[in-house]
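Colleague: I am new to this structure. Please take me through it step by step.
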Amino acid sequence: MRHSATHYGLNVSDMETALSFYRDLLGLEVTRELSMSDVQGDIVGVADVEGTITFLDADGFEVELIAYDTPANDNVHTNALGHDVGVAHLCLEVDDVWELYEENRDDASFVEEPQMVGNGAQITYVRDPDGNYVELLEPPEEN
């Protein structure tokens, strides 16, 4: 059996706010947008869903943003911390993590400034507008 990852799906409270983060701040490109159908409600086990889905390209891997307009839902990350069970994160490789941090630290919710880890990579975490963790990783330089 073959397994391969195609996308990372993420529920967001407001599509335009999420796009200002993922598209405008992080530079991901919108590849398609669609309205939800009854099939989406059947898939997630919630009746009568309405909303929009937007896919963004992350260098061949897609980020799927899902904004449910109805029925009402809750933000489970309001008080969650990065080490809490069930808290996931999306990792995006960036060219210059320090530059991204310096340019956006006043407008985005960075957890901490970038740090070097054992293999020489530079990493920082930033929270999206809904509190979801996004890891920004600058790989170590190759020798």
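Modeller: I begin with the contacts in the protein chain that have a separation of 6 or more: 52% of them are accounted for by residues 24 or more positions apart. Contact here means heavy atoms within 4.5 Å. Please note that this is a predicted model, in which local features need pLDDT of at least 70, side-chain atom pairs count only at pLDDT 80 or more, and totals for chains, interfaces and linings use all residues. Residues are numbered from 1 along each chain as its sequence is written, and side-chain values use heavy atoms, with hydrogens and water left out.

Colleague: How many helices and strands does the protein chain have?
Modeller: There are three helices and nine strands, in the order β-α-β-α-β-β-β-α-β-β-β-β along the sequence. Both are DSSP runs numbered from the N terminus: helices are H or I with at least four residues, strands are E with at least two.

Colleague: What box do the C-alpha atoms fill, and what percentage of the residues count as buried?
Modeller: Taken along the principal axes, the box is roughly 55 × 40 × 30 Å. Of the 143 residues, 39% count as buried. Buried means under 20% relative accessible area, exposed means over 50%, and partly exposed lies in between, with a 1.4 Å probe and protein chains only. The accessible surface of the chain comes to about 9,200 Å², and carbon and sulfur atoms hold 45% of that. Those areas come from the Shrake-Rupley method with a 1.4 Å probe; for residues, only the protein chains shown count as cover.

Colleague: Let us turn to T54. Is T54 buried or exposed?
Modeller: T54 is buried, at a relative accessible area of 1%. This residue lies in strand β3, residues 50-58. Not counting residues up to four places away in sequence, T54 touches M15, L19, V30, R32, E33, V63, E64 and L65.

Colleague: R32 is on that list. With which residue does R32 form a salt bridge?
Modeller: The partner of R32 is E62, and their closest N and O atoms are 2.9 Å apart. E62 belongs to strand β4 (residues 61-70) and R32 to strand β2 (residues 29-35), so this pair ties together parts that are 30 residues apart in sequence. E62 is buried at 18% relative accessible area, while R32 is partly exposed at 39%. A salt bridge is a side-chain nitrogen of Lys or Arg within 4 Å of a carboxyl oxygen of Asp or Glu.

Colleague: How many salt bridges does the count come to?
Modeller: The count is three. R23 and D24 meet in one of them, at 2.7 Å from N to O, and R23 is partly exposed, with 30% relative accessibility. R105 and E102 also pair, at 3.4 Å; R105 is partly exposed at 41%, and E102 is partly exposed at 42%.

Colleague: Why can such side chains pair at all?
Modeller: Side chains of opposite charge can do so when their charged atoms come close.

Colleague: Now the surface. Which residues form the negative surface patch?
Modeller: That patch is formed by D14, E16, E33, D48, E50 and D69. Patches are made of residues with over 30% relative accessible area and no salt bridge; like charges are joined within 9 Å, and nonpolar side chains (Val, Leu, Ile, Met, Phe, Trp, Tyr) within 5 Å. Lys and Arg count as positive and Asp and Glu as negative, while His and the chain ends are not counted. E33 is found in strand β2 and is exposed at 55% relative accessibility.

Colleague: Which residues make the nonpolar surface patch?
Modeller: I43, V44 and V46 make that patch, which covers about 250 Å². I43 is part of helix α2, residues 38-44, and is exposed at 62%.

Colleague: Staying with helix α2, is Q40 buried or exposed?
Modeller: Q40 also sits in helix α2, and Q40 counts as buried at 13% relative accessibility. Leaving aside neighbours within four places in sequence, Q40 is in contact with V49, I53, I66 and Y68.

Colleague: One last topic, the backbone. Where is the cis peptide bond?
Modeller: The cis bond joins T70 and P71, with omega about -5°. P71 has its place in the loop between β4 and β5 (89-93). Another backbone feature is D59, a residue other than glycine with a positive phi, near 60°. D59 is found in the loop between β3 and β4 and counts as exposed at 78% relative accessibility.

How values were computed. Charge placed at Lys NZ, Arg CZ, Asp CG, Glu CD.
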